[in-house]
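Q: Can you walk me through this one? I'd like the strands, then the cores, then a helix.

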Amino acid sequence: MAGKKLSILSSGLIAGAAVLIGSSLFFPWWGMEFFAPQYPEGLNIIVYPDKLEGEIDIVNGLNHYIGMKGFSEENFPELTYLKYLIGGLALLTLITAVLRRKKVLYFLIGLFSIGGLLGVWDLRRWLHDFGTDLSPTAPIKVDPFVPPIIGENTLANFITNSYLGTGSFLVLAAFILILIPLWKDR
Amino acid sequence: MKKWIPIATGLATGLLAATVFFADFSPGDRNEAIAESSKNKTNAEKVYVPFGEKDEYYLFASGGHSGQMFIYGVPSMRHIRTVPVFSPDSATGYGFDKHSKEMMGGFTWGDLHHPAFSETNGDYDGKYMFATDVGNSRAAVMNLETFTVKDIIDVPNTSGPHCAAFVTENTEYMFLPTRFAVPIGREYAPLDDYSEKYRGVMSAVTFDEKKEKLNIAYQVALPPWSYDLSDAGKKVSKDWAVMTTYNTEEATTNLEINASQADRDFIVLFNWKELEQMVKDGKYDEVTGQKMIFPEKHKGGMYLVPVAKSPHGVDVTPDGKHFIASGKLAPSMTVFSFEKAFKAIENKEFAGERNGIPIIKYESVMEKEVNPENALGPLHTQFDEQGMAYTTMFISSEIVKWDPKTGETLDRVPVQYSPGHSVAAEGDTVAPDGKYLIALNKIAKDSYLSVGPSHPESMQLIDLRGDKMEVIQSAPVNPEPHYAQMIKADKIKTITVYPKDEKNPDAVYSQEETRIERKGNEVHVYGIAMRSKFIFDAKAERPDQIEVKKGDKVFIHLTNIDFDQDITHGFAINGYDLNIEVQPGQTNTVEFTADKAGTFPIYCTNFCSALHQEMTGYFLVKP
């Protein structure tokens with residue numbers, strides 16, 4: 001069974017996954033929105049594979065009161081190479097679709113899973129790092145905190161909402177697409 | 001089994017992607033439902049603008065001798081902002097920082113009379129507001145992105161441009177005629193020589209939008225009369241303008257009596273396109289550095305229209321076909337026709353000349369005299385969307401609505417005491433809105449809590465939407481509400497932060513670039529203000545101190561690097577009579593001589609955060 005080629009339909013689904021992964025490069029992957037009475041429209045940190053967007057300067061200005069390090073693109077080395085990793089993954093997926101070999105698909109799924117877990121771990125590491133390594137001379141003392149990857153967190157009068165962006169959903173969809181051949185061609 | 005799994009997962013994936021891309025989670029629009037229910041409202045409901053909603057109109061009210069402009073919301077009549085124009089204002093640092101101090105030119109007050117919006121095709125475009133100073137003969141322009149004054153010019157040869165500013169259809173010119181005749185150059189001349197040496201000079205002022213600078217294109221040496229009010233033509237009359245004048249008696253003392261003797265005074269009717277051409281053709285004299293047209297030497301473009309004695313207001317109808325003058329001392333309004341005037345000029349139907357200017361025969365240009373029964377002291381006229389006229393009656397304290405086409409009185413409403421001007425929503429454009437009219441009342445009595453002998457002036461909001469005019473709100477206001485203009489709120493597009501200007505040599509946008517440079521006895525500080533600190537020199541042991549020697553000339557360039565809504569910082573030096581403001585993203589400069597030795601704390605005057613109190617530093621002056 002293992003040596004048998006994947007069906008054309010499966011190959012098509014995997015190719016579709018490659019397209020989704022590739023297009024995810026142009027969408028935000030993760031974001032955080034801060035709300036407070038004086039910021040009813042919310043302040044944003046929006047993370048793309050290769051850049052940060054949103055009201056970063058304002059968030060940094062506010063965070064300096066609790067002694068948090070400033071967010072900037074230079075502070076996240078990942079942003080310089082993440083796009084190549086994702087691009088590479090898209091390319092591998094495309095190759096899998098062309099080769100139509102089950103073994104390669106298993107390898108791709110494995111790689112995908114490990115990459116995903118690493119990504120989640122990395123994000124969690126940064127959140128932990130920023131929330132707990134606060135300057136000892138900060139004007140306002142707060143207990144160290146770790147915002148969730150998805151969900152709500154409250155700090156002083158700010159409610160923060162962390163959420164997955166379009167890019168993450170695209171990659172999740174791509175993951176579902178590459179799992180389907182496991183059923184289809186079992 | 002085998003087949004539907006991929007189909008189902010495919011559909012699920014598609015739905016997920018479609019939700020992410022196309023779903024609209026924004027809340028729906030509920031404003032339309034609210035707008036429809038205005039009938040049967042009580043007066044309180046008609047003017048109530050609940051928290052979270054905004055007024056429909058901005059009202060820009062002149063502050064008279066306060067030298068300021070007051071901004072209100074209509075219909076709530078809430079005072080939103082005071083904008084200093086001709087007077088210093090320590091709340092905003094106006095008159096203390098370098099730019100505004102230079103604009104003030106050493107004056108400490110002004111008498112702001114007639115505000116005027118910039119126009120495009122005869123309609124307000126919401127870009128700029130002009131104003132004139134009767135007190136010290138100046139003109140100013142305010143930018144409506146920031147509500148700050150950008151330029152002020154002194155208008156030479158003129159004393160008290162009362163009847164300005166009025167703006168032509170596409171803001172080509174704003175004309176500033178003088179109220180007090182003076183000799184050219186404001187030089188000394190005895191009053192016995194009044195008729196020969198004195199002049200009521202009118203200036204044609206232009207505005208360069210790119211540089212935000214006012215300029216004088218040319219002047220006209222009108223006869224030594226007092227010019228009172230004016231309006232620019234519209235549509236068919238767009239190249240023309242009108243202004244009323246009194247004291248054609250050329251009296252030099254006790255004007256109350258002596259300037260009220262002649263049975264007729266004049267409206268000056270002029271074609272500014274023709275005057276412009278005369279200047280191009282060199283038909284002018286160079287006087288005190290200005291291109292001055294003398295009507296007795298260079299004929300053309302100017303005519304006099306006889307009008308009932310001591311006229312006050314003159315207003316052009318929205319269709320541009322008529323102008324209506326109100327006789328302060330003759331209890332009637334006179335409707336004149338531009339078309340008749342053009343014909344009379346063509347046919348030379350003149351009744352002689354005054355000071356070299358042809359007088360058009362009254363019968364040739366007058367259309368009708370309107371005299372509502374017992375209405376006394378007509379002053380100013382505004383218009384609604386149907387072209388109906390609303391005239392303030394100073395003496396009989398009322399607004400009279402009438403039809404300029406038939407002269408018929410349609411409605412009258414009393415107001416609490418002596419209205420001067422009134423303003424209708426976009427009421428002096430080619431397309432008035434109707435809806436609201438505000439009577440600007442000069443004298444108020446018994447309406448509000450007493451504040452001593454001088455009562456608060458007031459503005460009364462009149463609803464024009466029903467069959468009858470109705471006063472629906474009254475508000476005490478800062479002195480002196482002289483004239484005002486009302487603009488639809490959505491025409492004004494303000495900014496929330498100043499954009500970065502990388503070309504500005506005085507700006508520093510990061511802490512690392514802050515520095516203090518000394519050049520001889522000049523000290524230049526390039527500093528930043530941010531929540532909640534000043535940094536003047538990031539590398540210094542104490543980045544928030546400035547040390548100079550007594551007698552040094554100090555330049556402090558301060559940039560607010562908080563690019564955040566409403567995080568305005570102030571900068572004051574304790575005991576040095578200095579306070580300036582830097583709005584978000586703005587760079588501002590204060591320039592002064594450190595003439596007092598000692599220790600002077602610096603602090604932020606504009607509340608900026610919980611640690612605003614700690615936003616301080618020291619200014620040390622070595623003896």
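**Strand, cores, helix**

A: Ile546(B) sits opposite Phe619(B) of β43(B). This is a predicted model, where local features need pLDDT of at least 70, side-chain atom pairs count only at pLDDT 80 or more, and totals for chains, interfaces and linings use all residues. Residues are numbered from 1 along each chain as its sequence is written.

Q: In which sense do β37(B) and β43(B) pair?
A: Parallel, over five bridges. Strands pair if DSSP finds at least two bridges between them; a strand is a DSSP run of E, at least two residues, and a helix one of H or I, at least four, numbered from the N terminus.

Q: Which residues of β37(B) are on the covered face?
A: Ile546(B) and Val548(B). The uncovered face has Gln545(B), Glu547(B) and Lys549(B).
A: In a regular strand the side chains alternate between the two faces of the sheet.

Q: Now the largest nonpolar core: how many residues?
A: It has 28. Such a core is a set of buried (under 20% relative accessible area, 1.4 Å probe, protein chains only) Ala, Val, Leu, Ile, Met, Phe, Trp, Tyr and Cys residues joined through side-chain atoms within 4.5 Å. Phe571(B) and Phe619(B) are among those with the most contacts inside it.
A: Another core, of 27 residues, lies apart from it and includes Trp225(B) and Met278(B).

Q: Switching to α7(B): which residues are buried?
A: Trp272(B), Leu275(B), Met278(B) and Val279(B). They are on the same side of α7(B), because they cover an arc of only 110° around the axis, taken from the directions from the helix axis to the C-beta atoms.

Q: What follows α7(B)?
A: Gly282(B), with a positive phi near 80°.

How values were computed: Chains lettered and ligands numbered in written order. Heavy atoms only, no water. Buried < 20%, exposed > 50% of the residue type's maximum accessible area, 1.4 Å probe, protein only.
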